[in-house]
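Student: I am new to this structure and would like to go through it with you, one question at a time. Could we begin with the terms we shall need?

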Amino acid sequence: MGFGDYPAEYNPKVHGPYDPARYYGKPDTPFSQVKLGEVGAWFGRRNKSPQALAGACSRAFWRWQHNYCLPRRAGMAPVFQVIVGAMVFFYTINYGKITAHRNYKYH
């Protein structure tokens with residue numbers, strides 16, 4: 001499976017048109033329904049390859065696109081989400097510089 005190919009589990013005769021926001025692999029128990037004793041086995045069944053991580057990020061991006069950006073009457077929500085995400089990201093990477101400039105009262 002190369003970069004840009006369909007997932008190996010995707011069959012156009014069974015699944016119909018390809019949806020990049022859908023996982024075509026074997027369905028498993030959702031994490032919210034996993035009992036505490038089964039968490040280790042649940043994580044053991046996950047595919048931990050870089051390609052699987054990229055696929056999960058791609059599906060999350062496309063789900064976000066379908067929910068917020070691509071509807072006919074999309075509002076300002078995706079714009080504000082990107083702005084707030086950028087603010088949190090830049091605050092996090094500059095936190096060390098910000099804390100170095102605190103004003104302390106010595107009394």
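Tutor: Buried means under 20% relative accessible area, exposed means over 50%, and partly exposed lies in between. Please keep in mind that this is a predicted model.

Student: Is Tyr 10 buried or exposed?

Tutor: The relative accessible area of Tyr 10 is 12%.

Student: How are the rings of Tyr 6 and Tyr 10 arranged, stacked, edge-to-face or tilted?

Tutor: A search of the whole structure finds 12 aromatic pairs. In the pair of Tyr 6 and Tyr 10, the ring centres lie 5.1 Å apart and the planes stand at 50°. Planes under 30 degrees apart would count as stacked and those over 60 as edge-to-face, so this pair is tilted.

Student: Which residues form one aromatic cluster?

Tutor: Tyr 6 is exposed at 52% relative accessibility, whereas Tyr 18 is partly exposed at 33%. These two belong to one aromatic cluster, formed by Tyr 6, Tyr 10, Tyr 18 and Tyr 24.

Student: How is helix α3 oriented to helix α4?

Tutor: The axes of α3 (residues 50–69) and α4 (residues 77–93) come within 9 Å and cross at roughly 130°. Roughly antiparallel would need an angle over 145 degrees and roughly perpendicular one of 65 to 115, so α3 is, relative to α4, oblique.

Methods
Residues numbered from 1 in each chain as written. Predicted model: local features only at pLDDT ≥ 70, side-chain atom pairs only at ≥ 80, totals over all residues. Heavy atoms only, no water. Axes fitted to C-alpha atoms, helices over the stretch in contact; angles between N-to-C directions. Helix = DSSP H or I, 4+ residues; strand = E, 2+ residues; numbered from the N terminus. Parallel < 35°, antiparallel > 145°, perpendicular 65-115°, else oblique. Phe/Tyr/Trp six-rings, centres within 6.5 Å; stacked < 30°, edge-to-face > 60°. Buried < 20%, exposed > 50% of the residue type's maximum accessible area, 1.4 Å probe, protein only.
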